[in-house]
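Thanks for coming. I will take one structure today and go through it from the overall layout down to single side chains. Please have a look at it first.

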Amino acid sequence: MTTSTQFFRLGAGVRQSFLQSADHLVDLYGAADIGFQSQSAEVITVQGGSPTLKVSASGFSLAAGPGLRLWVRDQIAVGYAARFRLTYLSGPIGSLMSPPNASITDGSSTQIGFDGTFQVLGVF
């Protein structure tokens, strides 16, 4: 059995510097993000392999945590942010399960965890 799953997140974030080294090359900053998230899957509904059903769930995602940034040039920095993330999705249960299935009964999922991202910042 083959399934196809898609994941999409679009959001905005804020970065606020709290501490800076004396030479202004390293920053400790706070990161906060909010976004819209969608998760969908195409699943097989019968034994023969077709037809397929597309199920999708959507919701929001919030993340916050500290980050460390190194300025490699006057206008370019690289950094890493470690964040606590809360994600809430609602829609058909089949799109929220792993592996996805053809269940179209409505449900919701709340995920809590930690993630980290490498970031590049350009100031022009």
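In what order do the elements of the chain run from the N terminus on? They run β-β-β-β-α-β. That comes to one helix and five strands. Please keep in mind that this is a predicted model.

Some totals for the chain. There are 124 residues, and buried residues make up 27% of them. The chain exposes about 8000 Å², with carbon and sulfur atoms supplying 62% of that area. As for contacts between residues at least 6 apart in sequence, 58% of them join residues at least 24 apart.

Now the salt bridges. How many does a search of the whole structure find? Five. Arginine 15 counts as partly exposed, at 29% relative accessibility. Aspartate 33, at 16%, counts as buried, because the cut-off for buried is under 20%.

Aspartate 33 also meets the side chain of arginine 83 in a salt bridge, at 2.1 Å from N to O. Arginine 83 lies in strand 4 and aspartate 33 in strand 2, so this pair ties together parts that are 50 residues apart in sequence. Are arginine 83 and aspartate 33 buried or exposed? Both are buried.

Next, arginine 85 and aspartate 115. Their side chains form a salt bridge of 2.7 Å, N to O. Arginine 85 is in strand 4, and aspartate 115 is in strand 5, residues 106-122, so the parts tied together here are 30 residues apart in sequence. Arginine 85 is buried, with a relative accessible area of 10%, whereas aspartate 115 is partly exposed at 24%.

Which residues are linked in a network of salt bridges? Arg15, Asp33, Arg83, Arg85 and Asp115.

On to the aromatic residues. The whole structure holds three aromatic pairs by the search. One of them is phenylalanine 60 with tyrosine 88, which is tilted, with 5.8 Å centre to centre and 35 degrees between the planes. Phenylalanine 60 belongs to strand 3, residues 52-71, and tyrosine 88 to strand 4, residues 76-92, so the pair ties together parts 28 residues apart in sequence. Phenylalanine 60 counts as partly exposed at 36% relative accessibility, and tyrosine 88 counts as partly exposed at 30%.

Another ring to look at is that of tyrosine 29. What lies over its face? Arginine 69 does, at 4.4 Å from the ring centre.

Now the surface. There is a nonpolar patch with about 1200 Å² of accessible area together. The residues that form it are Phe18, Leu19, Leu25, Val26, Leu28, Leu68, Leu70, Val72, Ile76, Val78, Val120 and Phe124. Which strands each supply at least two residues of the nonpolar patch? Strand 1, strand 2, strand 3 and strand 4 do. Leucine 19, one of the patch residues, is found in strand 1. With a relative accessible area of 55%, leucine 19 is exposed, because the cut-off for exposed is over 50%.

Then the end of the chain. Valine 123 is in the segment after strand 5, and is partly exposed with a relative accessible area of 40%. Isoleucine 76 is itself among the residues of the nonpolar patch. What is valine 123 in contact with, leaving aside its neighbours within four places in sequence? Trp71 and Gln75.

Last, a backbone point. Histidine 24 has a phi near 60 degrees, a positive value in a residue other than glycine. Where is the place of histidine 24? In the loop between strand 1, residues 4-20, and strand 2, residues 26-44.

That is what I had.

Notes:
Residues numbered from 1 in each chain as written. Predicted model: local features only at pLDDT ≥ 70, side-chain atom pairs only at ≥ 80, totals over all residues. Heavy atoms only, no water. Phe/Tyr/Trp six-rings, centres within 6.5 Å; stacked < 30°, edge-to-face > 60°. Helix = DSSP H or I, 4+ residues; strand = E, 2+ residues; numbered from the N terminus. Buried < 20%, exposed > 50% of the residue type's maximum accessible area, 1.4 Å probe, protein only. Lys NZ or Arg CZ within 6 Å of the ring centre and 35° of its normal. Patch = residues over 30% accessible without salt bridge, like charges linked within 9 Å, V, L, I, M, F, W, Y side chains within 5 Å. Areas by Shrake-Rupley, 256 points an atom, 1.4 Å probe, with all protein chains shown as cover. Salt bridge = Lys/Arg side-chain N within 4 Å of Asp/Glu carboxyl O. Contact = heavy atoms within 4.5 Å.
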